[in-house]
Every structure is written in C-alpha cells, then in structure tokens.
Amino acid sequence: MSNLYDTLMARKNEIIKASVGLDYSLYEFEGIGFDYEKLMQDQGYSLEMIKEIQQDNMVGNTPLVELKNITKYARKYSKPGYGARIFLKDEAANLSGSFKARRAALAVHQAKKLGYKGVIAATSGNYGAAVAALAAKAGLRCIIVQESFDSNNVSQPEILEKARKCEAFGAEVIQMSVGPELFYTFLSLLDETKYFNASLYSPYGIRGIETLGHEIADEIKSLTGKFPEAVVVTNAGGGNLTGTARGLKDAGAIDTKIIAASVNLYGLHMASDHDFNRKSFTTGHTGFGIPFTTYPDRSDVPRSAARPLRYMDQYVTVNQGTVFFMTETLALLEGMERGPAGNTSLAAAFSLAQEMKQDEIIVVQETEYTGAGKHLLPQLSFAKKNGVTLEFGNPELEVPGKTIIFPENGSFVTHKTIPLDSLRKTYLKRYQDFKLSDKDYVFLAEELQLTIEQVKTYF
Amino acid sequence: MMIEQGAYVRIRRTVLQPQDRSSNLPEDTTLVPYKMWVKGYLQEESDLFDIVTIKTITGRTETGRLKESNPAYKHNYGDFVIEELRLKDIILGDFYE
C-alpha cells in the first residue's frame, strides 16, 4: 500500500462522519450490536414528511398494474388451481426512471437541509441518475463515481448509458477501472469537496423506500380487499428489500412474504478485471446480494441501514437467460419495455406464482427505464463480443461468464431457493471467536429473525 | 494534434500502480494499474497524450493524460442479435398456441 492510500484510509471515520452529518457512535452498543430502530427513527422524518418530499419531486405514487397476460402465461405451466395473480409496480415512472429516486429524494433533501453544497454517490447503477436528477432539482452540485472500465478500457454499455444520464442532469461523472479501491477515490472526493455522502445505506437511503412498501400494501388492499401474499424484490445491497419490507409491515401487511431475488452470477469474481465484462448484469446479482446479506456493514457508512436478513422470508436466484426471456415477455405480452436488470424479480415471480393458488397475489415491486446501452440487445451483443455463447435450453445449466441460456419455452423459467439457514451461518461466522454477551445475542437474534436459543445452536 | 485551451476533453490518470493496490484482489486485477477517467475544460493548449490540467463541471481541478477532445456518447443498441428473434418466436408461439 502506498502512503497516500494508508494516510487517507486512516482518516476514513472522520471523513465519513463529516460527510453524512450523522454521528453513528451514538447508536453503538457495547459489544457487536447497535440500536438499529433508533438510528432509523432519529433522523427527523415521519412517513408523511417523506411522502410529501417525494411528491414535491415527482417521486412515488407510481402505477400498479396487473400483468394479466403474464399471469395467464404462468398458469399455462401451473397445476390446476395454481398460478397467482401477478402485479407490477411501474417504478420506471419515477423521476430519473427507477425506484432509486425514492432513496435519492430523501438523501438530497437532507443534504440541502444541512447546508451541503453538493452530493456524491458511488454507483454504476440507476442510483447515480436518481441522485443527479434530484440534486439538479435541489440546486446542488453532484458527483457520481462509477466502476466503469476493465484494463483494456472497455466499459459495459449499461454503465456508459448511466454515465450519460447522470451528465444529462449536470453531474460530474468520474469513471474508474475495476477494483474495490473505488472507495479510496470516493473518500478522497468527499474530503476534497466536503460534499454530502448520499450513501445508499444511510437511514435516508432506506427510509425513502418505505413509501413503496406502503403504496403496495394500500393499493393492493383497495383493489382486492386484502394485502398481497408475497412481494418479490430484486436484491443487491439489501436496501430495496429492507425499505419495502419496513413499509409493508408499517402499513399492516405483516403476513406478506418478502422474497429476495438475484441473478445467479456464481463463479464470477466481482473484483476481477477479466470477469468484469463477462457478466450481463451489473446489479441485482448474487455477487452483491450474497455478501451484503451476510455482512451488511461492508457498505460505505459505519452501520448500514439495509439489513435484509431482518426481513427476508425467502431468497431465490434466477439465471441471466431467464431474466432476458422475461424482459422480452414483458414487452411482447404487456407492451412494457423495461429493464433488463430490474426484471430479475419479474422472472422470479413468474416461477413463484406457479407454486401459489390462483386467488393469491404476488407483487413485483419495481421496473426500471430502458434505452441505448441499457437494453437486452446491446447487452447480448456485448456478451457475444466478450466470448459468451448464447444458447436455448435449460437456463439452470448456464455457466456465468461462459454461457447465457434462454428458456426453450415458459416451462424452463424456474428459480432456485438459497436456504436462509446457510446465509445466517455465513453471517455468524464472523463472530465465532467472539465472547458474546447476552446483549450481543439479542442483537444477533434480531438481525437473523431467530430466537436467542436458535442463534446459540447455529454457532 | 494541438487542442485549444477551453476545449472540452477527457483525461485519464493512473490513481494507483499495481504494487500500490489493495491487498485483497483477485490475481488478474493485481497486475493492472487502477485508473480514472474524467471530463472537463482544458486549461492550456496541449497536444493529445500530454499531461494536462482540466476544470470539471463542478469546478474541480484534475490532472491526467489527454485522451480525447469533444468526447461523444457512442453506446447504442449493439449489433443485430438473431437470438432475440428466436426469443420472440418462442414467447409468442408458447403464449398464443
């Protein structure tokens, strides 16, 4: 490590504290835990205030649509009496084209309230466009730091499109080559500019999504007289799942099953220069989903407000070919051109609905905008150029980085369940050599939706 | 090729040499430097590939190797992908059969 690197990293806590305007040490317990609920409630925003801020910014109240043709299609492959009604929240209708605007609205509002001159976010995804759009509306400056290029200066088309969109809103986009040192660049920019850290993992980044959970609960109930049986959430950093689940529960939908869905990218290393351009999904995949589920505090703030294992009832994976197939299906049968990455939960829902009864309801809780670069055509064309073979057959045989296998027909749209117990065990590994107090066990039980006795037997 | 002062350009800077990179990397990534690309207004008339200073859109100053002037967006809808037509056939055939 260079001295430059070490010197900056040693100042990490001080820089982060100044850039979030929030003293995380106030919430720390002795031992391993912290007061999660106090951290979430202490920031001065009620649900009503969040709704108002979002409405003022053209965020939220997105259309809820019943996917009648896709439901009919899923029923073709269901047992008699099975095949739940599939609904979709068209989050692409938010300012900047994705649900990420809900998160950015609150973060940017907080930055403005605290008197920061600008905001910074580290993201190659839709969140960058969301922060840039909201910052434009608030009159704040904006810098987005992206992981963009491999060592041959080749970038994912999807990431190039997001850079364009951020620049359309007046943001400065800084593009990096592959590597976790992005955090080093991010820290040095925060230190240099004194801008606000619009982290995806701050309480603002998560509470902003609670309105989505509320809308789903309220809208499904007013349409059908009941809360949905299941909501499927595309899962990467865990924030989408955490915020949606918190909103649903707050609205009274306590029995609604929360299902996480990620694209299966097993075998590809997220920090590998070689693997970087051999994946067709830059988010919503297991490369983020699994590590952030089993260790949420790996994020860019001392304590992540995204804590998916507190809320997750099931975790499923789908393959890249399956998500592309459902992206095409959404366009062909419902007239909606969206995604592809945001359609991960749609692909899972198509398969999950077949395990549910016809009078039950499953909600796909997001869509995202599509466009040049960020569309199945350029992404498939790019995959081919990088030596990935496109095939038809059973997507479960897909080898990420080598093949993309499209379902040969709708019966091959399937999901796989990752046992929650194995994720919980991975989470606990970090503490196996700790001498844990009673309070630590209470914290772990809350983190993992287990009893204290169960936590003890897991060790 | 001289590029005039005030032109909008793109530069590249090596942030960390391979030996200075994080110790927690897969082997292929440890072999290559960590680089940054950023756009801004060129502060002095320069030649392509010179080390130059720019002012970014947020008013920051950055230094790096001059790679491109008037950088355009070149991403598009990619090449023709025949497999997408087969996807259409499968889905429509499967649904309406």
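**Helix packing and chain contact**

Analyst: Helix α10 (residues 203–224) of chain A packs against helix α11 (residues 239–250) of chain A at an angle of about 50°, their axes lying 6 Å apart. That angle makes α10(A) oblique to α11(A). Angles under 35 degrees count as roughly parallel, over 145 as roughly antiparallel, 65 to 115 as roughly perpendicular and the rest as oblique. Axes are lines fitted to C-alpha atoms, for helices over the stretch in contact, and angles run from 0 to 180 degrees between N-to-C directions. Helices (H or I, at least four residues) and strands (E, at least two) are DSSP runs, numbered from the N terminus.

This is a predicted model: local features need pLDDT of at least 70, side-chain atom pairs count only at pLDDT 80 or more, and totals for chains, interfaces and linings use all residues. Residues are numbered from 1 along each chain as its sequence is written, while chains are lettered from A and ligands numbered from 1 in the order in which they are written.

User: How many residues of chain A are in contact with chain B?

Analyst: Two residues are in contact if their C-beta atoms, placed from the backbone, lie within 7 Å. Here 48 residues of chain A are in contact with 35 residues of chain B. The largest share of the chain A side, six residues, comes from α15(A).

User: Which strand of chain B pairs with β5(A)?

Analyst: Two strands pair if DSSP finds at least two bridges between them. β5(A) pairs with strand β3 (residues 34–42) of chain B, in the antiparallel sense, over two bridges. Met176(A) has Met36(B) as its bridge partner in β3(B).
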